[in-house]
Amino acid sequence: MAQRIIVDPITRIEGHLRIEVEVDNNNVITDAWSSITLWRGIETILKGRDPRDAGLMVQRFCGVCTYSHYEASILACEDAFGVRPPANARLVRNLINASQYLYDHVMHFYHLHGLDWVDIVSALSADPAKAVALARQYSDNPYNCSESGYKAVQTRLKKFVESGRLGPFANAYWGNPSFKMSPEANLIVVSHYLDALSVSKIGAQMMAIFGGKNPHPQSLVVGGVTCVMDTLDASRIGEYKFRFNEVRDFVERAYLPDVLLAASFYKDEGIKGIGCGVKNYMAYGGFPLDDGWNTTLLPRGIVKNGDISKVFPLDENKITEEVTHSWYKGTDALHPYDGKTEPEYTGYDAKGNVKGDEKYTWSKAPRYDGEPYEVGPLARFIIGYAQGHKEIKALVDSTLKATGLPVTALFSTLGRTAARALETKLIADNTERWIGELIENIKGGDTRTWTRCDVPDQGQGRGMTEVPRGALGHWIKIKNKVIENYQAVVPSTWNSSPRDKAGKRGPYEQALIGTKLANVEQPLEIIRTIHSFDPCMACAVHIIDPKTDKVRKFKVL
Ligand code: NFE
Ligand code: MG
C-alpha cells in the first residue's frame with residue numbers, strides 16, 4: 001500500500017522546510033510536496049521608504065546570502081535611477097560577491113550536504129595509511145593529509161561518539177545502505193569537514209575587508225561603493241588576497257578532489273539520473289566583466305527539457321509568480337513589477353498532511369513562460385556548457401574525463417553537487433584576475449568609486465544577478481521618490497516552488513519522483529536530493545510577521 005513519509009523539519013538548511021512524499025510498495029517515491037512552514041514580510045515593510053535604504057533592509061531576508069540581496073537591490077535602484085557604478089566599484093562588488101560564493105559553497109558541501117554522502121561512523125574503521133594513499137590518487141598534494149593527522153581525526157571523532165554528545169552528528173542515518181563510500185574515503189572527507197570550519201571563516205573575512213562586516217555588509221550604495229579607503233589601500237587589497245589564497249588552496253586541494261572521490265563511489269547515481277527534476281534551467285548572468293554588464297562570468301539564458309543543443313535568450317517579461325498552491329490571496333500569474341504579497345494561511349488537513357490539491361506552502365510559484373525552472377550552480381553550468389563557455393566547458397569536460405561519466409550524468413543530484421564545486425573553482429580563478437584589474441585600474445589613475453545620482457520622482461527598475469543558490473531578481477517601482485512596490489523572486493523560491501495552477505510540480509518536488517528509498521524509516525535519499533539544491537527557506541519566503549511566527553509545531557526526526 002502506498003504510504004506517506006513526512007520529513008519535518010529538513011535540518012542542515014537555512015529556515016523551515018517540510019517535505020512530504022508518497023512511496024509505493026517498492027519504496028519508490030511517486031509524488032512529492034514541498035512546504036515552507038514559516039512565514040516571514042520584508043517586501044511589505046519596504047513600501048513608502050526611500051529606495052536607497054532598501055539594500056540594507058532586504059539583506060535581512062536572510063542570514064546566509066546577505067550580500068546577494070544587498071547587491072540585487074542596489075542593482076534594481078541603479079536600473080531605476082539610470083546610473084552605472086564606475087569600474088572600481090564593479091570590481092570591488094565582484095570581490096565581495098566572490099567571497100560570498102567561496103565560503104558559502106565550501107560550507108554547503110562540507111557542513112550542510114556532505115554528511116548525506118559521507119558516513120562519519122564508518123570513518124572510524126578506516127586505515128589511515130590507506131587513506132593517505134587514496135587521497136594521493138585525487139590530488140598531487142592533498143590538503144592536510146598525513147597518517148598521523150588522520151589518526152588524530154579518528155581519535156577526536158571516537159571521543160565525540162563515545163561521549164554520546166554527537167551534536168550535529170546526532171540522529172543521522174549512519175550505516176544506511178545508501179552510503180557508498182569506503183571507510184578511508186569517509187575519513188578523508190570528514191577530516192576536511194573539520195578543516196572547512198576554519199576555511200569558511202577565512203572566506204567570510206574576505207567579505208568584511210571591503211564590505212565593512214559580515215554578515216550584512218554595508219559598503220554598497222546606489223551608484224558605487226563607500227569603502228574608498230579600503231579600495232585605494234594596497235595593504236587592504238593584500239589582506240584580501242592573503243585570505244583568498246588560503247581559501248583557493250583548500251578548494252583546489254580538498255573540495256574538488258573530495259567531490260571527485262565521492263563521485264567515484266556514487267557514479268551510478270549520475271548514470272541513472274537520480275534527482276534530476278524538471279530539467280529546465282535558467283540563469284540571469286552574474287559577475288559583470290565590463291562596466292556595461294555586456295559580458296558576465298556566469299552565463300545568462302534558458303535550457304529547456306534537458307536539451308543542451310540549444311540555449312534560448314532570457315526574456316524577462318516571461319517571469320511570473322502565482323499562488324494557487326501558496327498561502328497567499330489570488331490566483332493570477334503576475335509579473336514581479338505587479339506582484340502582490342497578501343497572506344492567506346489554510347494549514348494542513350486533519351491528519352497533518354498537506355492539502356495537496358489546495359494551498360500547502362508559504363513559497364510562491366515562480367514560472368518562466370508558464371514552466372517551472374531550476375536555478376543554481378547546475379543551471380549555470382548546463383547553460384554555460386551548452387553555450388560553449390570556455391572555462392565552464394573545460395571544467396566540465398575534465399571532470400567527465402576523470403570520472404568516466406557521460407555528460408547526461410549532469411542531470412542528477414550528483415551533477416548538482418559537482419557543478420557547485422566546479423563553480424567554486426571557476427570563481428576562484430577569476431577572483432585572482434579581478435584583484436589584478438583593480439590594482440591596475442587604480443595604478444592607472446582611476447580612483448572613482450561612486451557615480452553621482454539621485455532618486456527619480458518615479459520610475460522602475462530591476463536587479464537581476466546570480467547568487468550562490470541561483471538566479472536572483474529584485475523589482476522596484478518608485479512613486480513620489482519612495483517605494484511603491486517591491487518584489488523579490490529568489491533562487492530558493494524557484495527551486496522550492498509548489499505546483500502551479502496547471503498542476504506542474506516545482507523543482508524539489510519533481511527531483512524526488514522515482515527515487516527509491518533503501519529504508520523508509522531513514523529517508524536519506526530525500527535529504528540528499530533536497531540538500532543538493534542548498535535550500536534557503538528564509539530567502540524563499542522573505543517575510544516577517546510577529547503575529548504569525550508560530551505557524552506549527554516541529555517534529556524533529
Ligand atoms: Ni538565504 Fe539566497 C542565495 C538568495 S536563496 S541564501 O544564494 O537570494 O535562494
Ligand atoms: Mg517575493
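Biologist: Which helices each supply at least two residues of the lining of the largest cavity?

Modeller: α10 (234-265), α13 (390-403) and α14 (413-443) do. A cavity is a set of points on a 1 Å grid over the protein atoms alone where a 1.4 Å probe fits but cannot get out, and lining residues have an atom within 4 Å of a point. Helices are DSSP runs (H or I, at least four residues). This is a predicted model: local features need pLDDT of at least 70, side-chain atom pairs count only at 80 or more, and totals for chains, interfaces and linings use all residues. Residues are numbered from 1 along each chain as its sequence is written, chains are lettered from A and ligands numbered from 1 in written order, and side-chain values use heavy atoms, without hydrogens or water.

Biologist: Which residues lie nearest the centre of that cavity?

Modeller: Thr399, Leu400, Leu405, Leu410 and Ala418, out of 16 lining residues.

Biologist: How many of its lining residues are charged?

Modeller: None: the lining has 11 nonpolar and five polar residues.

Biologist: Switching topic, what lines the second largest cavity?

Modeller: Among others, Glu71, Glu78, Arg90, Arg93 and Trp293. α3 and α4 each supply at least two lining residues, and the second largest cavity has a volume of about 80 Å³.

Biologist: And how does that lining divide by class?

Modeller: The second largest cavity has four nonpolar, one polar and five charged residues in its lining.

How values were computed:
On a 1 Å grid over the protein atoms alone, a cavity is a set of points where a 1.4 Å probe fits but cannot get out, and a pocket is an open set with protein on both sides within 12 Å along at least five of seven lines; lining residues have an atom within 4 Å of a point. Ala, Val, Leu, Ile, Met, Phe, Trp, Tyr, Cys and Pro count as nonpolar, Asp, Glu, Lys and Arg as charged, and the others, Gly among them, as polar. Grid points are joined across faces, edges and corners, and a volume is the space filled by probe spheres set on the points.
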